[in-house]
Amino acid sequence: MATKITLQDVAEVVETTFKIGKEAVECPGVIFEGWGKSRYFAQVGGMWQELCTRCGGEGHMPHERVHGGVCFRCNWVGLEPDATAYDTRAALDEAMRKWGIGRRRAQRAHEAKMAKKAEEAAALAKAWETDYAELISWCQSLTPDSVEEYDETFEGLAKTREEAEAAMPGWTLVRSGQHPADGGRYAGWWWADFTTVVREERFHSYGRKPGRMIAEVRKGQVLEPDEARFLTAVMRRVKDAESTDRYAGAKGDKVTVSGVVRYRDVQEGDYGRSVFLIIEGTGADAGITLKARSTAKSAWETDKGDHVTVTATVKDLEERGGRKQTKITRAKFTPLADVPQEPAPAADAPQEAPAPAHGAEEEPSAPEETPAPEEGDPLDDMGTDDLLGVLRAEAASLPAGSLFARAWAAMDTILTNGGPECLPAPWAGDATADEIPPAVEHAVRMLAESLVPRGDELDAVRTDRDGSTRISRALAVEGVVMRLWKGADYTASAGRLEITTGGMTLTLLPAR
């Protein structure tokens, strides 16, 4: 004969007291805890009734500003509306025994379902490791672009101390304790605090989506079939590129590469707008990837998909997403269709003289003449980097000890070490008519103070574009300086300072 299932077999019973409703009337109560769920009952007016599942029997909620915090489910009563009430404790226990049996059946069904899922996951993991062994090995061999580590905490909760402290295997147990038996939901339960160091690896250089998948594979996760196929294609592309990828040259080399513009973007920076380009080499330059940021006119005229020939200087050698990239500077972009082709030699063109026989003396050849620069060389087509390169090259070609070469070398060193703020007037800063850059202000102030002491008045003779003049005797040195702007020319002589800009001349003289 089968043994009858008792209430204690399917649920845990905790005797307690509750404060019910708006008036907080204290009543005897009981908590029934079945698998994964608890139910609360209180004896109110001689009947056992279930507490409101929204407010827990208190009758109000924390939102005091909304109708005084009334619980909209029970309307201050604290009891579950339309719920069955039991006149005896035995009737309540019998109802909860049946409820507990249902909870246990649900638990067993859930455990069977989870066991089946675990078996399927194990089979899927085994197939994953077999079918994508190459992909897993490749992901594990990669070096992260960056690694972020941070602490993560977790609280375990269980009926016994042993269960609570074993809730997070592999984590570090910080502390544990027992909730007080004050009638709360988890009265008498044990809790445990755990911590661990989480390591998050980033693979941004491969792209957002592939980078996320690579990190998941390195953590031991199994990808969905479509994700696995996608990442495998990325792996094949990177591996194929490794055999053909190369740099355009060493740092500092002057290179010329023909290719197609794969990416173009206009970017804002501290010094204005510039064009960012990525060019992939074609033909003999296949396998070369150039990365450039330029303000040259030819760069602005280049668009995505254009075939161009790039002449530039190698600035740096980088690797991104397993691909070698050559960072360039002082770049000039020429449409591939406009690149001059070497004409084929004519049939009656003089042939190159045969090489002398072994041991024979060669006739001295005339020194090669340096070709004259083409007239109308378009300097306006160059960006600042190109112009700087031309200036440095021309300075290097001057005779040793040249005053200009030495002056330029000193200026180049000052600007390189000090940055744009070391620019002399009138190029310093981004001044407007009302904002004099510090370098210009200092220079003009020194010139003005050489005429008169600080604060003394000046006579100002202003000559406009139409030739008319205006005389003022109320300008002080500080006022004059703050009215200057970028682009003005300054001429100083004994007792005289002329400032010319935009066709207007301002002459400063000591006040009479």
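Searching the whole structure, which is a predicted model, turns up 7 aromatic pairs. In one of them, the ring centres of tryptophan 128 and tyrosine 132 lie 5.1 Å apart with their planes at 35°, so this pair is classed as tilted. Tryptophan 128 is buried, at 7% relative accessibility, while tyrosine 132 is partly exposed, at 21%.

Phenylalanine 154 and tryptophan 171 make an edge-to-face pair, with 6.2 Å from centre to centre and 65° between the planes. Phenylalanine 154 belongs to strand β5 (residues 146-158) and tryptophan 171 to the loop between α4 (161-165) and β6 (172-178), so the pair ties together parts that are 17 residues apart in sequence. Both members are partly exposed: phenylalanine 154 has a relative accessibility of 38%, and tryptophan 171 has one of 24%. Ring pairs also join Phe32, Phe41 and Tyr86 into a cluster.

Is lysine 291 buried or exposed? Its relative accessibility is 16%, which is under the 20% limit, so lysine 291 counts as buried. This residue sits in strand β10 (residues 289-294). Beyond its neighbours within four places in sequence, lysine 291 contacts Phe276, Leu277, Ile278, Glu318, Gln325, Thr326, Lys327 and Ile328.

Lysine 254, in strand β8 (residues 254-269), is exposed, with a relative accessible area of 60%. Leaving out neighbours within four places in sequence, lysine 254 is in contact with Thr311, Ala312 and Thr313. Of these contacts, alanine 312 is 58 residues away along the chain, and its C-alpha atom is 5.8 Å from that of lysine 254.

**Around helix α8**

Leu391, Leu398 and Phe404 make up a nonpolar surface patch of about 240 Å². Leucine 398 is placed in the loop between α8 (384-396) and α9 (403-418). The relative accessible area of leucine 398 is 33%, so this residue is partly exposed.

Alanine 396 is part of helix α8 and is exposed, with a relative accessible area of 63%. Between alanine 396 and arginine 406 there are 9.8 Å in space, C-alpha to C-alpha, for a separation of 10 residues in sequence.

The table collects relative accessibilities of residues discussed above.

| Residue | Relative accessible area | Class |
|---|---|---|
| Tryptophan 128 | 7% | buried |
| Lysine 291 | 16% | buried |
| Tyrosine 132 | 21% | partly exposed |
| Tryptophan 171 | 24% | partly exposed |
| Leucine 398 | 33% | partly exposed |
| Phenylalanine 154 | 38% | partly exposed |
| Lysine 254 | 60% | exposed |
| Alanine 396 | 63% | exposed |

**Confidence**

The average pLDDT of the protein is 77, and 70% of the residues score at least 70. Where is confidence highest, and where is it lowest? Strand β4 (residues 47-50) has the highest mean, 94, and helix α11 (residues 477-481) the lowest, 46.

Note on methods. Residues are numbered from 1 along each chain as its sequence is written. This is a predicted model: local features need pLDDT of at least 70, side-chain atom pairs count only at pLDDT 80 or more; totals for chains, interfaces and linings use all residues. Side-chain values use heavy atoms; hydrogens and water are left out. Patches are made of residues with over 30% relative accessible area and no salt bridge: like charges are joined within 9 Å, nonpolar side chains (Val, Leu, Ile, Met, Phe, Trp, Tyr) within 5 Å. Accessible areas come from the Shrake-Rupley method with a 1.4 Å probe; for residues, only the protein chains shown count as cover. A salt bridge is a side-chain nitrogen of Lys or Arg within 4 Å of a carboxyl oxygen of Asp or Glu. Helices (H or I, at least four residues) and strands (E, at least two) are DSSP runs, numbered from the N terminus. Buried means under 20% relative accessible area, exposed over 50%, partly exposed in between (1.4 Å probe, protein chains only). pLDDT is the predictor's confidence in each residue, from 0 to 100. Contact means heavy atoms within 4.5 Å. Rings of Phe, Tyr and Trp (its six-membered ring) pair if their centres lie within 6.5 Å; planes under 30 degrees apart count as stacked, over 60 as edge-to-face and the rest as tilted.
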